[in-house]
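Have a look at the structure, then read on.

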Amino acid sequence: MKNIKYFISALMSFLLFMTSCESYLEENPTGNISIANFYSSEDDAIAGLYGVYNSVYSLYGNTAINYGEVNADNATTSPNVSDLFEWDEFTYNNGTTEGFWRSAYDGINLANEVALYTAEIDFDVEKRADIVSEAKALRALFYWHLVRAMGGVPIYETPTVGFDEVNSPRASSDEVYGLILRDLNEAALELPTTSAAGRLNAYIAEALLARIYLYIGDYPNAYAHAKKVIDSEQYDLFSDYANAFKTEHNNGVEHVYQIQYLSGERNNSIPGSFGPRALPGQYGNSFWANTVVGGSIAPSAEFNADNPISYRRSVTIADSYEHIDGVTGTITMEEAYGPGVFPYYVSKFDDRANELQSGVNFNVIRYADILLIAAEALNEVDPGDGQKYIWINKVRERARNGVMSDLPDLTGLSQDEFRTAVLEERRFELAFEGQRAWDLKRRGQFLTVMRAQGKNVEDHMLLFPIPDNQIRLNPNLTQNPGW
């Protein structure tokens, strides 16, 4: 695992050079021959593949939190932070959406290069097929994030060369989903069932398919693919909920797929984003020790009020913390910020020992998510099947940590009551992991929930805008209605 992490980190400067060359190559299409010539061996194909993985970082971390949590009812900005967007500031001129678009298409283009040029290299047929399939699965991941956020987008299945080839019109959402599902289904059949940490395998492809089918409301397929992951017996829940978010348990039994980080080499910014915002005065260095940076996002008042008492809650949010010096003792949020100003912070990803150089991996899919996907999908496919209770109650049992009065087992619910229960379970089990806004949108509750919070959400805001700059660059692009 460390070798992969070091390799990706060392490769970054090379990839940045290659990416910077793309603008030149677009102006001189014959220059693309130099990229094709790079791919001459299996090692070159693997190096190219790691380049695609390097681009995957842009989809997760703070990007996932901004789109999936700040843009919902779970999170808000911390006190004394005025330079961060709220959900309704994802405008077409916003650097967030522009950066997201560019990063996704950079990753797509790199994946297309790997798929195209690897297929032409003479080495072991099975290994070659695996690399091509893995690249296409990564391409699907980029397209999944794009179509979910912005609807239909241009489709490119080969590397882009020259301006004519980058000015494609938007495909329909159905066409984009068709590409995504085709590539991931092929990966589920082609890839091995195990892989090095951070790389895709057949069961990760199955898990991604389960999540995507759930999002588009194809419950039979969501159930089928989640069940394959469960039946593989490769995964289980940690006995302690907190272990799913600790560096020492990276790539553990619950982690179906994680984005890899290594402290001091490639640092995860999420723990820093969720720590208490530093203040001037005696508490300024009480959380992060030698720095006052961090603490950009806080749990919303609604999340704090709705989250039921349990061990899981105590791991997820906290109203006090121990001074980092190990001597001063406990500091309450009320003591530091005043009554009601900042009552809780997100403690789920606390990695203060490394200050702001966290090496904790980012969870893309945990086994708990798979259990809840299977339970929700089964409730739609066969609501009378009691297996759905076994799966959701396994998650709740771990969350209550032996306190039987907390989160009792569910039973005897109507189909609609179970729908509500599993959505709420997802809210608190997967809190601040980038899923909440998407869950509300797929269930048709986003507008209602956000308006109940006093947000002026218009109907067209279910989709984000196409970045204004991209529309200027590509005359064939059209804007999402309302923006």
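Which element gives the largest share of the lining of the largest cavity? In this predicted model, that element is α6, with 5 residues.

## The cavities

Let's start with the holes. The structure has 11 cavities of 30 Å³ or more, and the largest cavity holds about 180 Å³ of space. It's lined by 21 residues, and the ones closest to its centre are Y60, A64, H145, R148 and W438.

Sorted by class, the lining of the largest cavity comes out as 13 nonpolar, 5 polar and 3 charged residues.

## Where α8 meets α14

Helix α8 spans residues 202-215 and packs against helix α14, residues 367-381. Their axes sit 10 Å apart, at an angle of about 45°. The crossing of the two helices is left-handed.

On the α8 side, the contact is made by A207, A210, R211 and L214; on the α14 side, by D369, I370, I373 and E376. What classes do the residues of this contact divide into? There are 5 nonpolar and 3 charged residues, and no polar ones.

Notes
Residues numbered from 1 in each chain as written. Predicted model: local features only at pLDDT ≥ 70, side-chain atom pairs only at ≥ 80, totals over all residues. Heavy atoms only, no water. Axes fitted to C-alpha atoms, helices over the stretch in contact; angles between N-to-C directions. Helix = DSSP H or I, 4+ residues; strand = E, 2+ residues; numbered from the N terminus. Left-handed = near helix turned anticlockwise from the far one by under 90°. Contact = heavy atoms within 4.5 Å. Nonpolar A, V, L, I, M, F, W, Y, C, P; charged D, E, K, R; others polar. 1 Å grid on protein atoms, 1.4 Å probe; cavity = no way out; pocket = protein on both sides within 12 Å on 5 of 7 lines; lining within 4 Å. Points joined across faces, edges and corners; volume = space filled by probe spheres on them.
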